[in-house]
Amino acid sequence: MEVKIGVLHAPREIVLESGQTPEEVERAVSDALAGKSQLLSLVDDHGRKVLVPADRLAYVELGEPTARKVGFSAL
């Protein structure tokens, strides 16, 4: 699943592909925003951990990964 994270005062969003379920990601975001955790911690498909301070979260967007099209099309 594709996760986009907006960070306050950062020019670009963080985009990662995660094997976590939407419910797991939503629970992690809710815990961070509720103050249960100081950091939003997510793991991407390559096993890398992404940590974002909870007080710097602007938004989190959950969605399906976009399939990349390969090939040429006729004009």
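Modeller: Start with a rule: a salt bridge is a side-chain nitrogen of Lys or Arg within 4 Å of a carboxyl oxygen of Asp or Glu. This is a predicted model, where local features need pLDDT of at least 70 and side-chain atom pairs count only at pLDDT 80 or more, while totals for chains, interfaces and linings use all residues. Residues are numbered from 1 along each chain as its sequence is written, and side-chain values use heavy atoms, without hydrogens and water.

Biologist: What makes Lys-36 and Asp-31 a salt bridge?

Modeller: Their side chains meet at 3.9 Å, N to O. The limit is 4 Å, so the pair counts.

Biologist: How many salt bridges does the structure hold?

Modeller: It holds 2. Asp-44 and Arg-48 also meet in one, at 3.0 Å, N to O.

Biologist: Why is Asp-44 called buried?

Modeller: Buried means under 20% relative accessible area, exposed means over 50%, and partly exposed lies in between (1.4 Å probe, protein chains only). Asp-44 has 11%, so Asp-44 counts as buried.

Biologist: Are Lys-36 and Asp-31 buried, exposed or partly exposed?

Modeller: Lys-36 has 69%, so Lys-36 is exposed. Asp-31 has 27%, so Asp-31 is partly exposed.

Biologist: Why is Gly-19 called exposed?

Modeller: Its relative accessible area is 66%, so Gly-19 passes the exposed cut-off. Gly-19 lies in the loop between S2 and H1. Helices (H or I, at least four residues) and strands (E, at least two) are DSSP runs, numbered from the N terminus.

Biologist: What does Gly-19 touch, beyond residues up to four places away in sequence?

Modeller: Gly-19 touches Val-43 and Asp-45. Contact means heavy atoms within 4.5 Å.

Biologist: What makes S1 and S5 a pair?

Modeller: Two strands pair if DSSP finds at least two bridges between them. S1 (residues 2–7) and S5 are joined by 6 bridges, so they pair. They run antiparallel. In S5, the partner of Ile-5 is Val-60.

Biologist: Why do S2 and S5 stand at the edges of the sheet?

Modeller: The open sheet has 3 strands in the order S2-S1-S5. S2 (14–17) and S5 (57–63) each have a single partner strand, so one side of each lacks a neighbour in the sheet.

Biologist: What makes a set of residues a nonpolar core?

Modeller: The set holds buried Ala, Val, Leu, Ile, Met, Phe, Trp, Tyr and Cys residues joined through side-chain atoms within 4.5 Å. The largest here has 14 residues. Among those with the most contacts inside it are Val-3, Ile-5 and Val-25.
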